[in-house]
Amino acid sequence: EMIFTITTPSDAFTFDLRSVTGFNNYDIDWGDGSAIETGVTDAIKSHTYGTAGLYEIKITGQVYLRQTSSIDADCYTEFKQWGTATTITGVREFFFLCQNMTYTATDAPNFDLRIVAGNTYDGPYRLFSTCRAITSLDLSNWDTSQWSGVTSGQTFQNMSRVTSINITGWDVSNLTSAATWFSGLGNSGSG
């Protein structure tokens, strides 16, 4: 299962899990003792937390998260695990604007981008863009052979505190552009 944590800033805070219509069918445990929601297909799935605090969210199934709201993205505090029971159907803006999130996952995502093949969602556009709390990324075990298209710019843009990015072994032969992948990085990138 995919596991990440969020911190809600206030009581009665509504968190929106944002994604793309047509690419989801997942179960979610919101981490607050409420019932697990199953068969979620919504583009925006909202959940209201009664008390401000830290919550661990777990997702299994087919999911494509896409951050487009800085309010919700600011809540992400740690991405812990991709999990083998979760299929990632898109990577565009997956962690975009998650500036408070650290990345501690050591496993690799299970990509199945055939679901979105041929549209603008099958490249790593803004994948980690503006993730300012991340200082090091080792993504060398990722199978990126399904990534394609032109929407691959700004993948690691504005990660101002990063000192190391390892993308050794990435197959980006189907991408037609990698413009500004490393623009605005901290100290260095390798791979």
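A: Let's begin with the term itself: a salt bridge is a side-chain nitrogen of Lys or Arg within 4 Å of a carboxyl oxygen of Asp or Glu. Please keep in mind that this is a predicted model.

With that idea in hand, look at Glu93. Its side chain forms a salt bridge with Arg66, and the closest N and O atoms are 2.6 Å apart. These two residues come from distant parts of the chain: Glu93 sits in the loop between β8 and β9, while Arg66 belongs to the loop between β6 and α1, 27 residues apart. Are the two partners buried or exposed? Glu93 counts as buried because its relative accessibility is 4%, and Arg66 is buried too, with a relative accessible area of 17%.

Glu93 also forms a salt bridge with Arg126, where the closest N and O atoms are 3.2 Å apart. Arg126 lies in the loop between β10 and β11, so this pair ties together parts that are 33 residues apart in sequence. Arg126 is partly exposed, because its relative accessible area is 21% and buried means under 20%. There is one more thing to notice about Arg126: its phi is near 55°, a positive value in a residue other than glycine.

How many salt bridges does a search of the whole structure find? There are six. One of them joins the side chains of Glu56 and Lys80, at 2.6 Å from N to O. This pair also links distant parts of the chain, with Glu56 in strand β6 and Lys80 in strand β7, 24 residues apart. Glu56 counts as partly exposed at 29% relative accessibility, and Lys80 is partly exposed at 30%.

Finally, let's turn to the nonpolar side chains. The largest nonpolar core has 51 residues, and Phe95, Tyr103, Phe128 and Phe156 have the most contacts inside it. Strand β6 gives this core its largest share, four residues.

Technical notes
Residues are numbered from 1 along each chain as its sequence is written. This is a predicted model: local features need pLDDT of at least 70, side-chain atom pairs count only at pLDDT 80 or more; totals for chains, interfaces and linings use all residues. Side-chain values use heavy atoms; hydrogens and water are left out. A nonpolar core is a set of buried Ala, Val, Leu, Ile, Met, Phe, Trp, Tyr and Cys residues joined through side-chain atoms within 4.5 Å. Buried means under 20% relative accessible area, exposed over 50%, partly exposed in between (1.4 Å probe, protein chains only).
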